[in-house]
Amino acid sequence: KFWKKTIKSIEFIKTFQAHRKRITALSVSPDDQRFCTTSSDQRLKIFDILHFDMTNILDLYYVPSNALWLNDSNIVVSDLCSKHLRVYNANGETSSGTNNEEHASCLKVLADIHSSPLTCMVLNTRFDTVISIDLKGMIEYWNRNEFTMPNYPKDVAFQYKYETDLYELAKKKTTALSVSISPYGDMFAVVCADKHIRIFAFKSGKLIDDINEERSVYEKAIV
């Protein structure tokens, strides 16, 4: 549904029956002009925010789990059942046909960043870096333009990953439900399946806070 914020209220504009099945991801482009949705119906749909309209449809031939705009024209989509990430051109032609090949607008398949399917990812626009987390709890940084790991220590303040706390989720045998970047790109927060919120410093990769959100913690506080 499209809504428009006015001075005094929020006004309803338009609704789309965009997908036949559950929506798995929604992402807004960095310029705030477009957004995309993915669904278990194996489709990626792109919308024009200013004109309240759908502009493109891509058949993915797999069930997507996450989608993220890398820039104003490229979108990366993760596969629910594999470690592969695929980068698509949002301006590509509308998909057609029923074959099982990669869509023509698929620019690149990223098969080496993770070893298991992704659970979430976020873009740090300040440092041109994607932070992605997989089912095993592995947190990875990679460049949104070159699709490679950061050039340590040029882009970050560490030379080797073992100097960081980016293995924390894997050590605790948990994974991420969602990840969010701070407005200045200096920190990111991860909501984990073990009911902890872990906050990391981006440049150092160090854990700076661990908030236990288990019910028992609040029950003890009340007592």
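Student: How many salt bridges does the structure hold?

Tutor: The model is a predicted one. A salt bridge needs a side-chain nitrogen of Lys or Arg within 4 Å of a carboxyl oxygen of Asp or Glu. Counted this way, the salt bridges in the structure number six.

Student: Which parts of the chain does the salt bridge between Asp59 and Arg43 tie together, and how far apart in sequence are they?

Tutor: The side chains of Asp59 and Arg43 meet with N and O 2.8 Å apart.

Student: Are Asp59 and Arg43 buried or exposed, or in between?

Tutor: Buried means under 20% relative accessible area, and partly exposed lies between that and 50%. Asp59 has 12% relative accessibility, so Asp59 is buried. Arg43 has 32%, so Arg43 is partly exposed.

Student: What is the relative accessibility of Arg198, Asp194 and Asp210?

Tutor: Arg198 counts as buried, at 2%. Asp194 is partly exposed, at 24%. Asp210 is also partly exposed, at 32%.

Student: Which side chain of opposite charge is nearest to Asp48, and how far away is it?

Tutor: Asp48 is found in strand β5 (residues 43-48). Asp48 is buried and has no salt bridge. A salt bridge would need the charged atoms within 4 Å. The nearest side chain of opposite charge is Arg34, 6.9 Å away.

Student: Which backbone nitrogen lies 3.1 Å from a polar atom of the Asp48 side chain?

Tutor: Leaving out residues up to four places away in sequence, Asp48 touches Phe2, Gln33, Arg34, Asp53 and Thr55. The backbone nitrogen at 3.1 Å from a polar atom of its side chain belongs to His51.

Student: Which elements give two or more residues to the lining of the largest pocket?

Tutor: The largest pocket holds about 260 Å³ of space. It is lined by 14 residues, and those closest to its centre are Lys1, Phe16, Ala18, Ile23 and Phe35. The elements that give two or more residues to the lining are β3 (23-28) and β4 (34-39).

Definitions and conventions
Residues numbered from 1 in each chain as written. Predicted model: local features only at pLDDT ≥ 70, side-chain atom pairs only at ≥ 80, totals over all residues. Heavy atoms only, no water. Helix = DSSP H or I, 4+ residues; strand = E, 2+ residues; numbered from the N terminus. Buried < 20%, exposed > 50% of the residue type's maximum accessible area, 1.4 Å probe, protein only. Lys, Arg positive; Asp, Glu negative; His and termini not counted. Polar contact = N/O pair within 3.5 Å; in protein donor to acceptor, adjacent residues only side chain to side chain. Contact = heavy atoms within 4.5 Å. 1 Å grid on protein atoms, 1.4 Å probe; cavity = no way out; pocket = protein on both sides within 12 Å on 5 of 7 lines; lining within 4 Å. Points joined across faces, edges and corners; volume = space filled by probe spheres on them.
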